[in-house]
Amino acid sequence: MRKKDFLDFHSSKATMQAGVLRVIVGLHHPLQHFRGKAITALRKAGIIVDVLGEDTVGDRAQEALEACQYVNIPLLYTATHQLPFSVLKYAMTLDGKIATSTGHSSWVSSKLSRQRVLETRGRSNAVIVGGNTVRRDDPRLTARQENCHSPVRIVMSRGLDLPEEANLWDVSITPTIVMTQRGARNDLQKKLASKGVEIVEFDFLTPRDVMNYCYDCGFLSVLWECGGTLSAPAISAGVIHKVMAFVAPKIIGGVRAPSPVGELGFLEMTQALKLSNVSYEQVGPDLLISGYLYPIPGMQVDAPMWEEAPYVTGSNDEKSVIYFHKTWGFFGAFSTFSPHPVSMENDGKRISWHSVEHYYQAQKFNGVKDRMAEKFAKDIQAADCPEKAAWLGKNFARQHPDLLQPDWQQRRTGIMYEALAKKFSLYPDLRNLLLSTNSRLLVNSSPFDVYWGCGRNGMGLNQLGKLLMKLRAEFEAVEIVKLHKSSIPKYSG
Ligand SMILES: NC(=O)C1=CN([C@@H]2O[C@H](COP(=O)(O)OP(=O)(O)OC[C@H]3O[C@@H](n4cnc5c(N)ncnc54)[C@H](OP(=O)(O)O)[C@@H]3O)[C@@H](O)[C@H]2O)C=CC1
Ligand SMILES: Nc1c(N[C@@H]2O[C@H](COP(=O)(O)O)[C@@H](O)[C@H]2O)[nH]c(=O)[nH]c1=O
């Protein structure tokens, strides 16, 4: 029995033993390759399983389904947009200011509204501010609840003209990452690093790069608490999905007082970005207006304005490329780490591997007549996750290059291709997913791998992407032959 089946079996048994007779499933995982065997295992264990919208229909089921979708919005967005779900939150006065003209902003909104913000922070993986907000407010950006999750704090600053002492540099509660441009103020970088602050440098700092980074970290939801200077490029880049605006019944005036969104370059009111699924809620004396800038995946949009949207993110060139890397991405099944066991033949014996990565790493030592090499291959095969298998394989190879199978460097691409061909043939969903990419360029965007991936600067060899495109061409050829055969008129005598 595979480990996953084993767990499904035992957890369904435990569910049964706990006296659960019926389970209602709200949503399937949005990514096909993450849909496990839980429903089958529960049914096998004698538990009644109803899936909302499939086995249970009607108004109440629809209502429940929508509630499940709302709860899972970060997961649904991340899976479809391949970026974490981002919320821009701000507090403004009735005349649209987020601070006075001197930059003083504590506080625009009421205590009750700010409490709501703390709760939202507690449900976010990261919170982002710009350099100005750090310089002006010296914020803490924690959730202020004891023993409760606080988000990772991210500061975006190009110039790094930041104070040496600041609340955000105290990382005892939760980490802080400063994202900046290469070479900016090395002196300050060192000082911050010595306090435990992580520094990440980009060639050119943009909101999209930061969100790609967050996606690679596995973040599902990010809260932007910056001012208008940073929120505008973030909106233009298409990385903000939801807006939460607290409107306080106050007027502060001031022509230089900052507003929540800076320059978007629009000239006419028709260009305004309209929100959908808008809600209005009174929070103490304030009004909280929330809505979505992009339709919620899988959900009805209540305002059909998307065809009017004045900007389209990504150029045509970008659209013809599919980047994949982490297994939780939409095309995550293309990763060698995806949880798809493969059985491969070796010396006339069929051996089962938890993933392509397990198989590939163990092949480094395959056929080498040495007890240590045999042990390496066995340890890799038994690794409980692909990350561990990769780590073991790389470490063993580094420590004992003498134990690698002969001509490993030349043979590794062919070995990988065989395993990929097996994986995509074994799982029809994966084969269909690969075929659905048509002629698009497939790029493994791993920043750390310049052989299998494209590396940080995009100049890597992208061997994994190339092998998948080769495999796709083979599958397409088979499809064409099938189509041709089915269209040959049969001889009817
Ligand atoms: N009421 C509210 O809800 C809030 C109010 N505020 C108030 O707003 C004011 C600060 O807002 P604002 O001045 O707009 O500052 P932001 O918080 O928007 O920060 C702007 C800074 O972000 C950094 N940055 C990094 N990448 C980019 C990029 N691609 N484009 C633009 N900027 C980038 C730059 O830092 P660097 O210069 O270091 O390179 C830039 O100066 C303060 O007075 C604060 O009190 C702030 C947040 C919320
Ligand atoms: N002024 C203002 C907000 N400001 C935001 O909150 C940050 C301060 O967070 P902290 O230091 O953790 O309390 C500040 O830097 C800015 O991002 N938020 C609000 O909900 N309402 C307000 O009126």
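## Burial and overall build

Of the 493 residues of the protein, 45% count as buried. The model is predicted. Its C-alpha trace spans about 85 × 60 × 55 Å along the principal axes.

The secondary structure consists of 16 helices and 15 strands. Among the contacts in the protein with a separation of 6 or more, 69% are accounted for by residues 24 or more positions apart.

## Ser-86 in strand β3

Ser-86 has its place in strand β3. The relative accessibility of Ser-86 is 0%, and buried means under 20%, so Ser-86 counts as buried.

Leaving aside residues up to four places away in sequence, Ser-86 touches Met-211, Val-222, Trp-224, Val-239, Ile-240, His-241 and Lys-242. Asp-187 is 101 residues from Ser-86 in sequence, and the C-alpha atoms of the two are 32 Å apart in space.

## The second largest pocket

The second largest pocket holds about 1,400 Å³ of space. Its lining is made up of 48 residues, of which Thr-133, Asp-137, Glu-225, Cys-226 and Gly-227 are the closest to the centre of the pocket. Several elements give two or more residues each to this lining: strands β3 (85-93) and β4 (126-130), together with helices α5 (111-122), α6 (131-137) and α9 (228-236).

By class, the residues of the lining divide into 19 nonpolar, 17 polar and 12 charged.

## Helices α14 and α15

Helix α14 covers residues 408-426 and helix α15 covers residues 428-435. The axes of α14 and α15 come within 5 Å and cross at roughly 105°. Angles of 65 to 115 degrees count as roughly perpendicular, and therefore α14 is roughly perpendicular to α15.

On the side of α14, the contact is made by Lys-423, Phe-424 and Leu-426. Helix α15 contributes Pro-428, Leu-430, Arg-431 and Leu-434. Sorted by class, the contact of α14 with α15 has five nonpolar residues, two charged residues and no polar ones.

Note on methods. Residues are numbered from 1 along each chain as its sequence is written. Chains are lettered from A and ligands numbered from 1 in the order in which they are written. This is a predicted model: local features need pLDDT of at least 70, side-chain atom pairs count only at pLDDT 80 or more; totals for chains, interfaces and linings use all residues. Side-chain values use heavy atoms; hydrogens and water are left out. On a 1 Å grid over the protein atoms alone, a cavity is a set of points where a 1.4 Å probe fits but cannot get out, and a pocket is an open set with protein on both sides within 12 Å along at least five of seven lines; lining residues have an atom within 4 Å of a point. Grid points are joined across faces, edges and corners, and a volume is the space filled by probe spheres set on the points. Helices (H or I, at least four residues) and strands (E, at least two) are DSSP runs, numbered from the N terminus. Ala, Val, Leu, Ile, Met, Phe, Trp, Tyr, Cys and Pro count as nonpolar, Asp, Glu, Lys and Arg as charged, and the others, Gly among them, as polar. Axes are lines fitted to C-alpha atoms, for helices over the stretch in contact, and angles run from 0 to 180 degrees between N-to-C directions. Angles under 35 degrees count as roughly parallel, over 145 as roughly antiparallel, 65 to 115 as roughly perpendicular and the rest as oblique. Contact means heavy atoms within 4.5 Å. Buried means under 20% relative accessible area, exposed over 50%, partly exposed in between (1.4 Å probe, protein chains only).
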